[in-house]
Amino acid sequence: MNGGFSFGLVFDTIRIMLRWISLGGLGILFIVNAMAFRAGFYEKGKEKLWFGRLMHFLGGFFTAMLWSGLTSSPVFIVGLTLLIGLVWEAGEFLFGLYKPRYMPELRDTAEDLVLDVAGALGWTVAYFLIR
């Protein structure tokens with residue numbers, strides 16, 4: 001048994017910390033999103049576009065952070081983040097069927113997915129530069 005310093009232990013600790021930071025960030029975004037929904041930020045004609053854009057960018061960022069603890073492939077990190085974005089957008093569409101005043105437009109959906117991927121790329125590039 002080696003009593004010296006282990007980089008493996010440091011990297012494992014960092015991965016665990018990133019997982020908790022990403023889960024915390026996603027949890028905060030989910031709560032803020034629910035509060036914004038309640039405040040009417042997403043109703044047609046009352047949308048706060050800057051807010052939705054920020055939420056999608058940060059959602060992509062924190063989701064990619066979570067995936068980076070599970071895989072080291074940048075393609076999978078960004079792809080899995082895009083998959084989560086697609087599921088979210090499907091949920092928005094289904095909710096819009098129930099409440100038409102929240103039905104997203106195609107342009108909004110496309111922008112949201114681009115911002116999800118931009119956030120994922122932002123995290124992925126930063127992660128692989130400091131790794």
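Biologist: What should I know before reading the model?

Modeller: Residues are numbered from 1 along each chain as its sequence is written. The model is predicted, so local features need pLDDT of at least 70 and side-chain atom pairs pLDDT 80 or more, while totals for chains, interfaces and linings use all residues, and side-chain values use heavy atoms, without hydrogens and water.

Biologist: How many salt bridges are there?

Modeller: Side chains of opposite charge can pair when their charged atoms come close. The rule is a side-chain nitrogen of Lys or Arg within 4 Å of a carboxyl oxygen of Asp or Glu. The count is four.

Biologist: Which residue pairs with glutamate 43?

Modeller: Arginine 101, at 3.8 Å, N to O. Glutamate 43 sits in the loop between H1 and H2, and arginine 101 in the loop between H3 and helix H4, 58 residues apart. Helices are DSSP runs (H or I, at least four residues), numbered from the N terminus.

Biologist: Is glutamate 43 buried or exposed?

Modeller: Buried means under 20% relative accessible area, exposed over 50%, partly exposed in between (1.4 Å probe, protein chains only). Glutamate 43 is buried, at 18%. Arginine 101, at 44%, is partly exposed.

Biologist: At what angle do H2 and H3 pack?

Modeller: Two packed helices are described by the angle between their axes and the distance between the axes. Axes are lines fitted to C-alpha atoms over the stretch in contact, and angles run from 0 to 180 degrees between N-to-C directions. Helix H2 (residues 49-68) and H3 pack at about 135°, axes 9 Å apart.

Definitions and conventions: Helices (H or I, at least four residues) and strands (E, at least two) are DSSP runs, numbered from the N terminus.
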